[in-house]
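Visitor: Please show me the protein chain, and then let us go through it by question and answer.

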Amino acid sequence: MNNIAKAFAGGKAFIPFITCGDPDLDTTAAVVREAVKNGADLIELGIPFSDPTAEGPVIQAANLRALNGGVKTDRIFQLVRELRTDVDVPMVFMTYANVVYSYGAEKFISTCADTGIDGLILPDIPYEEKDEFLPLCRRYGVALISLIAPTSANRIGMIAKDAEGFIYLVSSLGVTGVRSEINTDLDSIVGIIRQNTDVPCAIGFGISTPEQAKKMADISDGAIVGSAIVKLLAQYGKDAPKHVGAYVKEMKDALR
């Protein structure tokens, strides 16, 4: 069983997203550990980028805070090395193609493998262009995680057939951010995914309450939450870890 599959082996997975370096990397490390202690099944770590096109204002602001604080990709890799001394749940990076290109694609992906990153999400790389990274990801055993959106339409089956690790199903059109309700016909999208692959599928974008998380996990294999957690970091700063831990516990309990 690959490491990502372990996240979904014990039931519905709860996946928190955390922007690395917001407000600093020590806080990021503490938040990850609190999230895992309170039931997070997989951690999605955001590498800050100056133009995060998939993100709404909450995560954009977190990217800016982290970049203004001087966070660098090398230091994020070091953070992952440190976390891997005691954190064994799967971890994936979410970032943008420019970050990978500027670091050097092979160097970036091989360092992911060396440090213990299990997968890579690149929301600005469409399915048709994934071969720029897929051979390197396969060479080093890092899953290139596919996104499926409500607009994927007749490409859903094709994307699902090639998926690795898990599928990130985007709940609604637009950018990340808390939504009061999610009205997309996700059941039919998950149905097409199920017809084409056994790779697990988790729903993200807009989820913030335990009720929403449960509803999304009932449809799929798990729920991904980003903006609601990043809001706690913006509100509490260095004191955020205990608040994030309590929030993760509440969300995970709803999924059980």
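Visitor: How far apart do the centres of the positive and negative side chains lie in the protein chain?
Guide: This is a predicted model, in which local features need pLDDT of at least 70, side-chain atom pairs count only at pLDDT 80 or more, and totals for chains, interfaces and linings use all residues. Residues are numbered from 1 along each chain as its sequence is written, and side-chain values use heavy atoms, without hydrogens and water. Lys and Arg count as positive, Asp and Glu as negative, with His and the chain ends not counted; each charge is placed at NZ of Lys, CZ of Arg, CG of Asp or CD of Glu. There are 25 positive and 32 negative side chains, and the two centres are separated by 3 Å.

Visitor: What percentage of the 256 residues is buried?
Guide: Buried means under 20% relative accessible area (1.4 Å probe, protein chains only). By this criterion, the buried share of the 256 residues is 60%.

Visitor: Which residue of E2 is the bridge partner of Ile-18?
Guide: Strand E1 (residues 13–19) pairs with strand E2 (residues 43–46) in the parallel sense, over three bridges. The partner of Ile-18 in E2 is Leu-45.

Definitions and conventions
Buried means under 20% relative accessible area, exposed over 50%, partly exposed in between (1.4 Å probe, protein chains only). Two strands pair if DSSP finds at least two bridges between them. Helices (H or I, at least four residues) and strands (E, at least two) are DSSP runs, numbered from the N terminus.
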